[in-house]
Amino acid sequence: MTGPSDSRRFLLTLLFAVWAMAFAYSFHVFAIAAPSGDGFARGLNRVMQFLGWQGVAGVVAVAVFGVSRAWPKGSAVRRMGAVPLFLAGLLVAAILGTILWARM
């Protein structure tokens, strides 16, 4: 049985690395961004930078998921390819849960 080509393996590795960097950088940016402005918008730049980088990570997560589908069902690579998409979904669920909880 032949598996995916070396170029697919390299692409998946590259996409996984880009996703990991964008995911980690979103937390780093949130931690170091200085609040600017005053009033209601103070600190909004921290949240927007976090969500922006999470958006980048989410787009790359979809690409990782798509490329990982080339491996056979049940393989570790194929299951690992779903992890970034799962984490993106978990983040969306947490944000929606927080919004709903705040409105109660």
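Trainee: How do H1 and H2 run relative to each other, roughly parallel or roughly antiparallel?
Mentor: H1 and H2 are roughly antiparallel (angles over 145 degrees; under 35 is roughly parallel, 65 to 115 roughly perpendicular, the rest oblique). This is a predicted model, with local features needing pLDDT of at least 70 and side-chain atom pairs pLDDT 80 or more, while totals for chains, interfaces and linings use all residues. Residues are numbered from 1 along each chain as its sequence is written, and side-chain values use heavy atoms, without hydrogens and water.

Trainee: At what angle do the axes of H1 and H2 cross?
Mentor: Roughly 165°, and the axes come within 8 Å (lines fitted to C-alpha atoms over the stretch in contact, angles from 0 to 180 degrees between N-to-C directions). H2 covers residues 44–68, and H1 covers residues 6–32 (helices are DSSP runs of H or I, at least four residues).

Trainee: OK, Ser-26 then. Is Ser-26 buried or exposed?
Mentor: Ser-26 sits in H1 and is buried because its relative accessible area is 0% (buried is under 20%, exposed over 50%, partly exposed in between, 1.4 Å probe, protein chains only).

Trainee: What is Ser-26 in contact with?
Mentor: Beyond its neighbours within four places in sequence, Ser-26 touches Phe-50, Trp-53 and Gln-54 (contact is heavy atoms within 4.5 Å).

Trainee: New topic: how many salt bridges does the count come to?
Mentor: One, between the side chains of Asp-6 and Arg-9, at 3.0 Å N to O (Lys or Arg side-chain nitrogen within 4 Å of an Asp or Glu carboxyl oxygen). Both partners, Asp-6 and Arg-9, are in H1, three residues apart, about one turn.

Trainee: And how accessible is Asp-6?
Mentor: Asp-6 is exposed at 58%, whereas Arg-9 is partly exposed at 38%.

Note on methods
Helices (H or I, at least four residues) and strands (E, at least two) are DSSP runs, numbered from the N terminus.
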